[in-house]
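Good morning, and thank you for making time on the agenda.

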Amino acid sequence: MKFPSSMLENAIFPSVLDSSIILSTACPVKFFYQHCLGLAPVEKSIHLHAGGSFAHGVEAVRKNFYLKKMSLEDSLINGWREFINYWGDYESPFGSYKDFYNVSAALFDYFYQYNPHSDFIQPYVKADGTPAVEFTFSIPLPINHPDTNEPLIYAGRCDMIGVMDNMLCVVDEKTSYTFPAEWAKLFSMRGQFIGYTWAAQQFDMPVTMCVVRGVAIQQRSIKHLEAIMQFPQWQIDRWYDEMLTKVEFIVNVWKSKNFPLNYGDICSSYGGCPNIDLCTSHQPEVWLPSFAIRRWNPLDKAEASV
């Protein structure tokens with residue numbers, strides 16, 4: 001698919017890549033719309049906003065407790081304030097259980113379930129003596145940006161590097177409405193988490209395990225479930241090689257300025273692609289005013305409005 005020059009002129013190939021951007025390369029047109037033009041629905045997704053607010057609150061509580069040595073009660077109160085600031089004046093869609101009150105309740109319930117005093121996963125203490133209550137990374141890749149010729153960066157941010165039974169592990173929280181059958185298997189091939197383990201290894205942390213802590217926010221209750229994945233080194237190495245293959249592919253697509261469509265399940269997965277109207281239009285540029293412009297920042301776990 002070739003785009004009109006008016007669209008290409010406003011497109012920017014991202015300098016920083018993460019797992020979600022890599023995943024979008026399965027449909028180069030989706031990659032172009034979302035990560036080169038920054039097109040996003042005008043209304044921000046409740047799943048993104050609630051998940052981001054919850055993660056922000058959890059991080060604040062952990063920093064208060066483990067770094068600032070505050071009491072758990074004070075850590076929770078301060079962390080809730082940070083949660084409130086992040087949530088802002090956002091209004092949840094009608095009928096969604098992921099509203100301000102329920103997500104607030106989930107934040108407090110999380111630390112009732114995983115009390116920092118007794119949690120079987122404690123933060124890994126880094127060489128500088130500080131607990132790894134968050135892990136942010138940006139690692140140059142052996143592939144250059146197609147326009148600047150500077151190395152592309154693979155980046156991300158996970159919630160914690162922890163220690164469980166004397167083994168290092170990545171810890172990440174996921175909010176949802178419910179837990180489907182075999183929920184844990186959803187993450188056994190998730191590039192996001194394999195990428196976290198690879199990144200930790202680049203900082204000399206021998207991580208091969210990931211613990212995903214699910215938080216299901218329901219109408220009358222909060223439920224918790226854990227998934228523990230052990231990634232053998234061959235699987236981590238395979239992920240890295242294939243990640244580079246995908247990056248090389250999308251760089252070459254960008255250089256050609258001819259973006260192939262996927263024509264598959266990616267159009268309907270995750271509730272449907274928000275770009276479907278552009279892809280089914282002979283003149284996609286006429287749909288541009290119906291979108292907001294937000295640039296995804298992998299290091300902030302947030303979209304920056306433009």
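With which residue does lysine 63 form a salt bridge, and how far apart are the closest N and O atoms? The partner is glutamate 59, and the closest N and O atoms are 2.9 Å apart. A salt bridge here is a side-chain nitrogen of Lys or Arg within 4 Å of a carboxyl oxygen of Asp or Glu.

Before I continue, please note that this is a predicted model, in which local features need pLDDT of at least 70 and side-chain atom pairs count only at pLDDT 80 or more, whereas totals for chains, interfaces and linings use all residues. Residues are numbered from 1 along each chain as its sequence is written, and side-chain values use heavy atoms, with hydrogens and water left out.

Let me return to the first pair. Both lysine 63 and glutamate 59 belong to helix H4, where four residues, about one turn of the helix, separate them. Helices (H or I, at least four residues) and strands (E, at least two) are DSSP runs, numbered from the N terminus. Glutamate 59 is buried, at a relative accessible area of 15%, while lysine 63 is partly exposed, at 26%. The cut-offs are under 20% relative accessible area for buried and over 50% for exposed, with partly exposed in between (1.4 Å probe, protein chains only). The two residues also belong to a network of salt bridges that links Glu59, Lys63, Glu134 and Arg157. The structure as a whole holds eight salt bridges.

The relative accessible area of arginine 213 is 0%; glutamate 226, at 26%, counts as partly exposed.

Five strands form an open sheet with mixed pairing, in the order E3-E6-E7-E8-E9. Strand E3 (122–123) and strand E9 (222–230) are at the edges with a single partner strand each, so one side of each has no neighbour in the sheet. Strands are said to pair if DSSP finds at least two bridges between them. E3 pairs with strand E6 (residues 160–164) in the antiparallel sense over two bridges, and glutamine 122 stands opposite valine 163 in E6.

Two helices accompany this sheet. Helix H7 (residues 191–202) packs on the sheet and touches E6, E7, E8 and E9, its direction making about 150 degrees with that of E7. Helix H4 (residues 46–67) lies across E3, E6, E7 and strand E8 (209–217), running at about 140 degrees to E7. Such angles run from 0 to 180 degrees between N-to-C directions, the axes being lines fitted to C-alpha atoms, for helices over the stretch in contact.

Within strand E7 (residues 167–176) we find serine 176. Is serine 176 buried or exposed? Serine 176 is buried, with a relative accessible area of 16%. Leaving aside neighbours within four places in sequence, serine 176 is in contact with Lys98, Val215, Ala216 and Ile217, contact meaning heavy atoms within 4.5 Å.

Next, strand E5 (residues 151–158). Seven of its eight residues are buried, so the strand is largely enclosed by the rest of the structure. Strand E4 (residues 135–144) runs antiparallel to E5, joined by seven bridges, and phenylalanine 137 stands opposite glycine 156. E4 and E5 form a hairpin with six residues between them, and asparagine 149 in the turn has a positive phi of about 65 degrees. Strand E1 (residues 16–17) pairs with E5 in the parallel sense over two bridges. Tyrosine 154 in E5 stands opposite leucine 17 and also opposite isoleucine 139.

Finally, helix H6 (residues 100–113). Its buried residues include Asn102, Val103 and Tyr110, and their cover includes H4, helix H5 (72–87), E7, E8 and E9.
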